[in-house]
Amino acid sequence: MTNGESNMDPKQECPRNSKFGKIIVLKSGWVAVAVAILFWFIESALHAFLFDDGSYYQQFFRPTVNEIWMRSLVMFLIITLGFCIQWSLKILEMRKFDQKDFPFSLKPFSAISDSAISKRSTKSLSKVIFMAMLSVSISCILMFGVYWVCDEWSEFNDQCSMIRADFLESQENTLKTEIDRAIDSITFWRSAIRSEYPDISEDLLKEKVFARLSQITFGPDNEYFIFVGDYDGTELVNRKSPHLIGKNFWEMEDAYGVKVFQEEIRIAKSRPEGGFLTYFWSETDSDADAEPKLSFVRGVPGLQLFVGAGANLNTVEDVIAAKESKERAHVEQGVVVLCVVVFLSLLIVFLIACWLTVRIRRSFDIFALFFKKASTESVNIDHSQMYYDEFLDLATSANQMIADRKIAEAALQESERRMREMLSNVQLCTVMLDKDGTITYVNDFLLKTTGYERDEILGGNWFDLFIPAELREEIRGVHKEVLCGKLEMVGQYESEMLTKSGERRSISWSNTLFLHSTKGDTIGSTSFGEDVTERKRAEEELREIDERFRLMMEQSPAVFEFYDIDGLQINVNKAYEELWGFPASHTVNKFNLLESKEVEETGLIDYIKKAYAGQAVTVPEYEFDPSGTTEAKGLGRKRWLSTRIYPLKGASGDVKNVVITHEDITERKQAEEEAKQSQNKYQSLVSNIPGIIYRCKLDKDWTMLYISNEVSQLTGYPVSDFINNAVRTYESIVHRDDTERTARITNEAIESGEPWELEYRICHKDGTIRWHYERGSAVIGESNKVEYLDGVILDITERKEAEEALKRLNQQNQLLLNTAGEGIYGLDLDGNTTFINPTAARMIGWEVEEIIGKNQHELLHHTKPDGSPYPAGVCPVYTTYKDGNTHHVDDEVFWRKDGSCFPVEYISTPIRDEHGVIEGAVVTFKDISDRKQSEEKQKQHHDELTHASRLSSMGQMASGLAHEINQPLCAIASFADAGLRMLKSKRFKSQDLLEAMQGVSTQSHRAGAIVKNLRSFVRKKSAEPSVVDICEVIKNTIILVQGQLNQKQAKIELDIPSEPLLIHANTVKIEQVVINLIQNALEAMEQIDPAEREILIKASSTDDEMIIVSVVDSGKGLDGIGPLQIFDPFFTTKEEGMGIGLSINESLIEEHNGKLWAEDNEKGATFNFTIPIAEKGNR
Amino acid sequence: MIDPTVYIVDDDEAVRQAVGLLVKSCGRKVETYGCAEAFLEGYDAAKPGCLILDVRMPGISGLSLQSMLSEEIISLPIIIITGHGDINMAVKATKAGAIDFIEKPFRDQDLLDSIERGIAKDLQNRKNFSGQAEYAKRFSTLSEREKGVLLLLVEGKLNKVVASELGISHKTVEFHRKNVMTKMDAESFAQLVTWAVQNNISE
């Protein structure tokens, strides 16, 4: 415990645990001790309070054996638990530090290795373990021993008290029985004696009775007897001590001062059944031998006597004492055994502890040996010699440490080796000096430079050996002061050094470093010196060269400009001033090449940048005006320059400076400019001609003197080929078939002195044939004879090809016209026929020739189908001229030559010239007599079908209509009846009668309207189309189907706008469509609940000039049938339907240029149709 | 007594007006309604009268209205008029208690006769109903013995039989019977029996 405490100082180990709570936890062992002590008090108090079986005092100071044992056990447990917590916490804590924080794990080692051992009173680990085990085992055995002894003792006590109780009870019984019997016998004896001796005196009688009583003995060994006394305290009978008879013992006291006789007389008087009395009585009259006695006393009624008997209680104490001595012997024996066990267990514990400590010790010894060795050499711990995991871990860590140290040492050695190598190889004089200037290290380079051997100078004084005499003392002083810290170290300086041969060398010393030991004292210096003797010499030479070069440059006629790396002009030569005409001071150190705007505008900047990038460049000739620059504003003159720019590179290849040299070429440039201008005039003239211009001699080969550049494009051969006929003559590339002709025409023209024009083919270099146009003329020279031929040659290939294509197209067109199955003819603006194809001519019965040039309208379009004349002004063919549109007509007739006519369909298309101006028209036409007939038939058929469908709708409406007419009829009848009644009764208000008559009238009209609507609906031939309001049509329609709607209990809703939606349509047909759609909707809703039968009719206009009408039902929808399929004729889903309703509807709507389609809505189906909005003009 | 009212329910305004005028011309009070809902809202069940009802109407149909009215304590007599009646409908309506089924257009006399019949029936119904209520009130004033006598008598037993069954004299039975007649304020014994059977008083 103490050991654990001394090793553990929470504040030191873990400064974070400074809180009170943590301290309590860490010291839980001691807290437990306190708690245990507290427990003793509290438990006693609680026991006294709860069970109320004794005072606190008794509980605390005189507890029973069991209580002591229980409390001890609990206290022991509490204390053990506390220390267990404390130690386990400590172990955990140490482990935590081990893992987390490296320095903590090192602490034990440093504690062992350092002087800590001597300073602190530490204990051997083995001893601690031994003590711990010992204390634990001893406490266990002692606990057991105490428990056993306590147990034995309490058992013995119990037995004793039981024996006592038994004994007392038996004694009491015996006494009581005997006394009761004695008293009975007193009475008996008295009467017996009196009957025997009737006149016996009372005293005698008593005497005789007492004599008998004194004979009575009982108890073990018959030693108990009866004694009798009177109430005055006088002893009357006493068998054991007859000498006491007659004496008064009223005041007699026992060993403890109890007045025995008085007590006995009190009991006899007060308790007729008798009572017990315990007292101590000594036979020998000494209080020390007083023995406990028990007596039973009972008064004898009527005699003023008491009879008693006494028993000796000490017999039982003897029994108990015997038992106790036996018990004691047993316990002693037990204790001896316990001692033996303790000794044996101590032995065992000692052995185990020894065994454990030996193993731990061995591990520690290994570690101790290891650490001793580890400081000097690298050793490893053998894992197999370790007994415990902890030591194994420790050994692994230690091995790891050694391995790491080895690596670190190797790295250190390597770096040291490298350092030395570096120092010896470095091309610098390296020397290390100690405080006094003694040389401790020199490298090979220094030896090479000075010519010394290493052995000669190592240990020698640096200043004596190497420093020239005049500097020696000064430098020595400085060195000393620097090392003492009095002077600041000079980073770099140059001084002279003596070699062995006495030669002086300039050395640039640098980086003089101090060497520090671990204590931080200055112990010496290291110097690196560069031999700069040669360099100094070279610098001198360089300076001379430089001077020479500068002179040269200064005198040079060429202009030199020097610029630094930033573009600043740093130097120029004299020629510079001559060139620009202003002093150099204006620009030197002012003008910046890279920032000058003028330079950039002149386009020089790219070249300059190249030069700065390290490239020597020649700048093309250019003109520069210095007066524009800010530095030389208004000065200087414009010059043409030929310029080269060179970069001047440093040793490393970097550009250091840039040199610009100029050559003044202004004069040359001016001369060139003049020559060029004169040439340009002529050149531009020629170059604008889109053809070849040539001049050739009039000789046999037409030797070419000049030919313009175009020739290379037009022929593919270069100009040089033709000049002086160098490679070929121009004639040689003329197509073979044209050669002769061109030559002939040319010659003829020359002879006649006229210019000539030719079109001929040439063979282009790429193999194609080109058409050329040539125009030329002879030039009469000074000799008044034709000397040259001048001419122009143009390429006309494209024109020629276009002409060819046109010709071909004409032929094709003619062929088309002649073979076409339709009649085609053309018209000019006057309406006269310009061409007509044979088919057309045949159809109208004229010959082609007869028609050409004739007015077509008068010829074949003069009369309308109905015989009325057709004015030319409204003829669609001619309208084409006016509006420029194509007109399609299919309801007119053309007239034949023989006066008959035929229905035609024709298309009149305007002909436009290239500017888009109409210059005529082309009419194509077809004889459509057959088609007209079939169309007529189809229409008739369709009308019939439509009518049939209408009748079918009608049939469906009939019953509804009947009801619809029935309503007004019923009303009429009732009104009339009411009126009649009123008239008959002659007692009426005229107001009522008027109402009745009014009703009759209104309802008759209502019925009439229904009938009229119906009739118009059934009519087969419907009226001509007219402009109607679709909303009205829908409302009328609903009147027709109202009956049907009522029958089917369907609701109908209208969603139509208040303003009219006008369409141009046949009312009856649209009505039919709407009725049919409503009927379809009703049929579709037959299967559903009447309350949900709803039809919605919507009408509205759309953005694209249409009116859309939708019939929305809530029936079963399209039910999977394709929205297109339901419009097929004879397709039906109804058992009785013909399947033509919707297909007829579709055709009716299409007749009105509308569309009918079906789609599913949320509930049922929607049928929509569209019809174009009536144009305003048609109204 | 309040004048009986003729209610006309028809969705067709003209018919409604015409029939109304006709009925009015006979001096009857008329109330017309465009649909069943309006009628249910407007009519007073306490007033006597009869109802002329069109079958086909939007919303609640005539037949539905009829079945709704039949659940009332005193159902109005109903005359069905229809524009497109069929036999099925007529049977249905009559079974449901319509007193007549007239097809449009009708002769005025037919309708007026039906109306008179209807009103008479309604008045009778109402009178019966109030008479029964009175009887029930009086019945509660009878003593137990009187009730017992009445019950046995209603079963059709003679005074003699009743007397022997109840163990009382013939005369006493006659006395009780007279008391019952007085207390019930019945005009005749037959009337009492009819009422008793109608109201199932033996239970």
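Biologist: With which residue does Arg1006(A) form a salt bridge?

Modeller: The model is predicted, so local features need pLDDT of at least 70 and side-chain atom pairs pLDDT 80 or more, whereas totals for chains, interfaces and linings use all residues. Residues are numbered from 1 along each chain as written, chains are lettered from A and ligands numbered from 1 in written order, and side-chain values use heavy atoms, without hydrogens and water. A salt bridge places a side-chain nitrogen of Lys or Arg within 4 Å of a carboxyl oxygen of Asp or Glu. For Arg1006(A), the closest N and O atoms are 2.9 Å apart, and the partner is Asp12(B).

Biologist: How many salt bridges does the rule find across the interface of chain B and chain A?

Modeller: The contact (heavy atoms within 4.5 Å) takes 21 residues from chain A and 20 from chain B. Together the chains bury about 1900 Å² (accessible area lost on being put together, 1.4 Å probe, summed over both). Of this area, 58% lies on carbon and sulfur atoms. Across this interface, the number of salt bridges is two.

Biologist: Which residue of β23(A) is the bridge partner of Gly826(A)?

Modeller: Strands are DSSP runs (E, at least two residues), and two of them pair if DSSP finds at least two bridges between them. An open antiparallel sheet of chain A has the order β23-β22-β26-β25-β24, with β23(A) and β24(A) as its edge strands. Three bridges join β22(A), residues 823-828, to β23(A). The bridge partner of Gly826(A) is Phe835(A).

How values were computed: Buried area = accessible area lost by both parts, 1.4 Å probe. Helix = DSSP H or I, 4+ residues; strand = E, 2+ residues; numbered from the N terminus.
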